[in-house]
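Me: I've got a fold on my screen and would like to talk it through. Can we go one question at a time?

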Amino acid sequence: MDRGKDLAEGSSCGGDPAAGTTLSRYESQKRRDWNTFGQFLRNQRPPVALPQCNSGHVLEFLRYLDQFGKTKVHLQGCIFYGQPEPPAPCTCPLRQAWGSLDALIGRLRAAYEENGGPTETNPFASSAIRIYLREVKESQAKARGIPYKKKKKGGSGKPDDESSTSSIPFS
C-alpha cells in the first residue's frame, strides 16, 4: 500500500495492539503522518536525517502529496477558472485541498516536538510553510471563484462578517 496515498486520503487506523492501547483518530493520523514524512526523508537521494530537515524538505513533501489530491484546481487558462461549479469536466490537475494541507502541517508540527524536535527549529512552523499554505489557499479560492476576505488584526473587537475565514493557526 502507498503510504503517501494513504496519508493524502486521510485514512485512519486503530491503536497499538502490541502496547494494548487504542489511539484517538487524531493520534493515529498524526503517527501515520509522521511515519510517512520520515519515509519521505529516507527516500531522498541522499537520505535526509531528521535533524537536517528544513522547511525546503517540508515544501517538497507537500508538493509530492499533490499527486494524490482529489481537489480540482483550475488553471488560469481554463474556461472554468473562477467558477465554483463548472458545467463540464476539464483537464486541470487534481491537488491536495488547502484544508487538508493545513491540518497535516498542524499534526506534523505537533509530532515533531513530541518526537524530541526543538520548538525553535520546527520546520513545520516556519514562515516559509505559512506563506506556502496562504498561497495555496488563495490560489485555490481564485480557481474556484470563492472570495476569501482577510480578517483584520487588532481593531474594534467586532466580529468579522460571515464571509471571512479563519487564519492559519500559526503565530
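Me: How are helix 4 and helix 5 oriented to each other?
Reply: Keep in mind that this is a predicted model. In it, the two helices pack at an angle of about 165 degrees, with their axes 9 Å apart. Anything over 145 degrees counts as roughly antiparallel. So helix 4 and helix 5 are roughly antiparallel.

Me: What is the handedness of the crossing where helix 4 passes helix 5?
Reply: This pair has its axes 9 Å apart. As for the handedness, where helix 4 passes helix 5 the crossing is left-handed.

Me: Which residues of helix 5 meet helix 4?
Reply: From the helix 4 side come W98, L101, D102 and I105. Their partners in helix 5 are I129, Y132, L133, V136, K137 and Q140.

Me: Where do the buried residues of helix 5 lie, seen down its axis?
Reply: The buried set is I129, Y132, L133, V136, K137, Q140, A141 and A143. Looking down the axis of helix 5, these buried residues fall within an arc of 165 degrees, so they line one face of the helix.

Me: How many Å does helix 5 reach from its first C-alpha to its last?
Reply: Helix 5 covers residues 127-144, which is 18 residues. At 1.5 Å a residue the expected span is 26 Å, and the model comes close to that. The reach is 26 Å.

Me: Which residue just after helix 5 takes a positive phi?
Reply: Helix 5 ends at residue 144. Just after helix 5 there's a phi of about 75 degrees, and the residue that takes it is G145.

Me: What about K30: which residues is K30 in contact with, leaving aside its neighbours within four places in sequence?
Reply: K30 sits in helix 2 (residues 25-42). With a relative accessible area of 3%, K30 is buried. Its contacts beyond those neighbours are R107, A110, A111 and E114.

Me: How far apart are the C-alpha atoms of T36 and F61?
Reply: T36 is another helix 2 residue, and T36 is buried at a relative accessible area of 4%. F61 is 25 residues away along the chain, and the two C-alpha atoms are separated by 9.7 Å.

Me: Zooming out, in what order do the elements run from the N terminus on?
Reply: The protein has 5 helices and 2 strands. Of its 171 residues, 35% count as buried. From the N terminus on, the order is α-α-α-β-β-α-α.

Note on methods: Residues are numbered from 1 along each chain as its sequence is written. This is a predicted model: local features need pLDDT of at least 70, side-chain atom pairs count only at pLDDT 80 or more; totals for chains, interfaces and linings use all residues. Side-chain values use heavy atoms; hydrogens and water are left out. Helices (H or I, at least four residues) and strands (E, at least two) are DSSP runs, numbered from the N terminus. The expected span of a helix is 1.5 Å times one less than its number of residues. Buried means under 20% relative accessible area, exposed over 50%, partly exposed in between (1.4 Å probe, protein chains only). The arc is that of the directions from the helix axis to the C-beta atoms. Axes are lines fitted to C-alpha atoms, for helices over the stretch in contact, and angles run from 0 to 180 degrees between N-to-C directions. Angles under 35 degrees count as roughly parallel, over 145 as roughly antiparallel, 65 to 115 as roughly perpendicular and the rest as oblique. A crossing is left-handed if the near helix is turned anticlockwise from the far one by less than a right angle, and right-handed if clockwise. Contact means heavy atoms within 4.5 Å.
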